[in-house]
Amino acid sequence: MGGRMVADYRPEIIEPKWQKYWEEQNFYQTDEKKDKRYYVLEMFPYPSGRLHMGHMRVYSIGDVLARFLRMRGYSVLHPMGWDAFGLPAENAAIERRVHPAEWTYANIETMKKQQKALGISYDWEREVATCDPDYYKWTQWLFLLLYKRGLAYKKKAAVNWCSKCETVLANEQVEDGKCWRCSEEVVIKDLEQWFFRITDYAERLLQDLKLLSGWPQRVRIMQENWIGKSEGAQIRFTVQNSQKEIPVFTTRPDTIYGVTYMVLAAEHPLVEELIAGTEYETEVRAFVEKTRKLTEVTRTSAEMEKEGVFTGAYCINPVNGSAVPILVGNYVLMSYGTGAVMGVPAHDERDFEFAKKYNLPIRVVISPEGTELKAEDLTEAYVEEGVLINSAHFDGMPSEQAKEEIIKYLEANGWGKKEVTYRLRDWLISRQRYWGTPIPIVYCEKCGTVPVPEEELPVKLPEDIEMKEGGRSPLAQCEEFLATKCPDCGGKARRETDTMDTFIDSSWYFFRYADAKNDKAPFTREKADAWLPVDQYIGGIEHAILHLLYSRFITKVLYDAGYTSAVEPFTRLLAQGMVNKDGAKMSKSKGNVVSPDEIIEKYGADTGRVFILFAAPPEKDLDWSDRGVEGSYRFLNRVWRLVDRYAGAVQAKSNKAPDGEDQELRRAFHSALKKVTEDIEERFNFNTAISAIMEAVNAAYSYQNIKGDNIHPGVMKEVLELLVLMLAPFAPHLGEELWQRLGHQASVHLQSWPEYDEKALQVSEVEIVVQINGKVRGRLHVPVGLDKDAVQKLVLEEGQIARHLEGKEIVKVISVPDKLVNLVVR
RNA sequence: GCGAGAGUGGUGGAACGGCAGACACGCUAGAUUCAGGAUCUAGUGGGCAUUACGCCUGUGGGGGUUCAAAUCCCCCCUCUCGCACCA
């Protein structure tokens, strides 16, 4: 460096400096003036304590996008908030004897500080916290909206209970039979609970997945599977010597003539009626007892041995009048279809296994075209399509057609009807917890269940409560909260003590950001329509079903009620990958945790951001590498030194015409700009965008080695400015600092994203690859745009090539202009 | 079992059907330095050569399409994720 005094890159100084500047200027306040608008949203975090690398990754991705789009001339909404209700706050309260609110708000403070230290460009004026009464007032409003629309109801049902969390859980929150939060084995309890009627929206939630072309396919498929639509028929069998009917759901009405038995779920209400007072009573009851004790997991696992027991009763197949035995089986679920299954062993694997075990008859009614299967020859069920046999007047009909025809036949005779069922269940939203949004309902001795009127919202959580381990929800023990007056008659009433599932809080927060300070309404339609739907949503794949499905549902309810014109909440979804270390998830027990704090402290936020974006494409898992971080730090240092060296020199005036090296330098930066622009805009490939900037910087170093101080000031100025502008969304603090050092007053983040100069990209000469029979045998430098024949002539003159052609005959010549010539020889 | 995605150097990862391995890490050598670190320069898939910027080989395995395949098609293997007695 020739004794020059070099100012070092000192992120620990420049980062706080610019963060302070942004804060004081309220720099990232949303500009609502422009017509071009873009809503970038990262999933808001649960305030668990401190940020982890997953947070750092998702915010870095969102921030690059937000900053880039602002430079592209968009008004960008980029808010942040807190999914602040939830069980950990209550656990902390018990363990550390602090109020959940205190714990939560302290965490929010910490994490907010960390986000600011990362230099993320949030509009903090729109910050929301779901535990804030100003927010949950509107969550309660939302509940009332659903209640009014008949979408919130209370019923007694067999529900999932986590005894560790001491609350019920929605189906979506049971993973592999365990609680999604604490992994405790879930048990089934019969309880009176509040539900949201999400099943009313099953078909729309399914159909509108088609609108979500901006979502990863796997997320759409997961939702599709979760909704689990299946089409078929409901068919009613009549119990022999009785008026009682057993409706069954089947997707294979074409196999109706193959029914040889009937199986009921252990919970089926008819079971008791059928056996009462019969010789089968004891045995069946024992079986039912045994089955009901099993958890849902064991019962629904495919390895579970199928068992059943005969009830002594028979029912009549409506199409042929044949009587078939009724059994109770452990593989039939009360929660799906009608809780009863018609047994067609010849054409269903499970039925086949069951029939073999209990020696039930097997009747073949579908055969592959041209053959006739025999029941005694079957070693497994024939589940394919085929042609009907042994099916009265449907014989000979293809099974696909028979599905339709048999449904018509059933309908015509009043035996059944076409039916569609879904796997999706209604959303159980009651939680027996304190730290959540209270359900705004009171129970009046006279009037019964009464919704709290809107003007009385919010129903506030009592602050003065005692958190105890075990036992019932604190709300149920808080007389001050419980006792109230009936809004209708003014008489004595008691409040609902359940709070809402926190997934309700997060199913509408993206609307609130559009109008965060509104105290008259959750948001106005005008403001919502100005921003919603979210253009780009970014978050972890773990929410593929839960949060994303609930949000879609609530958005549709709001749409139906006229509060928004958005049919779907999130136009594009980026499911970012995990951050691992040494091939494993970071965890305290493995001792492989790297925290954002230590990275900021050691290298600065810009380095951390650049590394996390450079190490892998955003949707893929990323393996954290301490060495890699150092590489990113080195890169930013290289940028710093380059700008530092020439920041003064570029201010000089010069009329010198750019020479070849100057032009080459311009070409390197403009082609990097082109690539960076495309990579951010079209593909979110931040890793290759950064590598393109690195290449340009490498080119600048080569230029420096050749030219030293004898640079072209105009060209150097141009490329350094391009460099800083391109880097600014990735490394915003460094961007500001260097932009200022290049002599600019206004912030780099207020600049327009540069346009690349097409002319700078042009080259006069190109390298042409010469292949012989597809193998590279040489290269040739030719003027750009040289025509085929001329290129071919040059190729044949080339010594290296001629050598390979000796004694061979050229059969064919393939030419790709300015790129390649392939000689096919024999 | 079903569905989706992925398999490329020592490592993270690049490659509109057209030079495989950009960029980075690591490593090697050199420069600088008292030394180390930092920095700069050069090299770095494997093999054979080193008279040659020469040859062979190479993107999980096997076939195919094509002048040309990591990329398209078929079969198989492995891994990850999701679903899983859904009638």
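**Close-up views of the predicted model**

**View 1. Pro458 lies in the loop between β22 (448–451) and α13 (479–482).** Helices (H or I, at least four residues) and strands (E, at least two) are DSSP runs, numbered from the N terminus. This is a predicted model, in which local features need pLDDT of at least 70 and side-chain atom pairs count only at pLDDT 80 or more, while totals for chains, interfaces and linings use all residues. Residues are numbered from 1 along each chain as its sequence is written, chains are lettered from A and ligands numbered from 1 in the order in which they are written, and side-chain values use heavy atoms, with hydrogens and water left out. The peptide bond joining Leu457 and Pro458 is cis, with omega about 0 degrees. A cis bond also runs from Leu532 to Pro533, where omega is near -5 degrees. Pro533 is placed in the loop between α16 (525–531) and β26.

**View 2. Asn359 and Ala392 have positive phi.** Most residues other than glycine have a negative phi, and most peptide bonds are trans. Asn359 has phi near 55 degrees and is found in the loop between α11 (349–358) and β16 (366–367). With a relative accessible area of 70%, Asn359 is exposed; here buried means under 20% relative accessible area, exposed over 50%, and partly exposed in between (1.4 Å probe, protein chains only). For Ala392, phi is about 50 degrees, and the residue sits in the loop between β17 (387–388) and α12 (399–413). Ala392 is partly exposed, at 47%.

**View 3. An open sheet of four strands has the order β6-β5-β9-β19, with antiparallel pairing.** The strands β6 (167–169) and β19 are at the edges and have a single partner strand each, so one side of each lacks a neighbour in the sheet. Two strands pair if DSSP finds at least two bridges between them. Strand β5 (residues 152–162) is joined to β9 (residues 186–196) by eleven bridges, and to β6 by three. Trp161 stands opposite Val168 in β6 and has Val187 as its bridge partner in β9. On the β19 side, two bridges link β9 to β19 (residues 427–428), with Phe196 partnered by Trp427. Helix α5 (residues 133–148) lies across β5 and β9, at about 80 degrees to β9.

**View 4. The largest nonpolar core has 185 residues.** A nonpolar core is a set of buried Ala, Val, Leu, Ile, Met, Phe, Trp, Tyr and Cys residues joined through side-chain atoms within 4.5 Å. The residues with the most contacts inside this core are Phe143, Phe196, Trp427, Phe553, Trp624 and Phe730. Not counting residues up to four places away in sequence, Phe553 touches Leu146, Phe196, Arg197, Ile198, Tyr201, Leu205 and Trp427, contact meaning heavy atoms within 4.5 Å.

**View 5. Helices α21 (residues 660–683) and α22 (residues 686–707) have axes that come within 8 Å and cross at roughly 170 degrees.** That angle makes α21 roughly antiparallel to α22. Axes are lines fitted to C-alpha atoms, for helices over the stretch in contact, and angles run from 0 to 180 degrees between N-to-C directions. Angles under 35 degrees count as roughly parallel, over 145 as roughly antiparallel, 65 to 115 as roughly perpendicular and the rest as oblique. The contact includes Leu665, Phe669, Val676 and Ile680 of α21 and Phe686, Ile693, Val697 and Tyr703 of α22. By class, the contact has 16 nonpolar, one polar and six charged residues. Ala, Val, Leu, Ile, Met, Phe, Trp, Tyr, Cys and Pro count as nonpolar, Asp, Glu, Lys and Arg as charged, and the others, Gly among them, as polar.

**View 6. Helix α24 (residues 732–741) is mostly covered, with eight of its ten residues buried.** The buried residues are Pro732, His733, Leu734, Gly735, Glu736, Glu737, Leu738 and Trp739. Their cover includes α1 (11–25), α2 (53–71), α4 (100–117), α19 (605–614), α20 (626–646) and α23 (713–727). Just after α24, Gly743 has a positive phi of about 100 degrees.

**View 7. Thr497 is buried, whereas Glu542 is exposed.** Thr497 lies in the loop between β24 (492–495) and β25 (499–500), at 17% relative accessibility. Leaving aside neighbours within four places in sequence, Thr497 contacts Arg433, Ser473, Leu475, Ala476, Phe481 and Leu482. Glu542, at 53% relative accessibility, is in the loop between β26 (534–540) and α17 (546–560).
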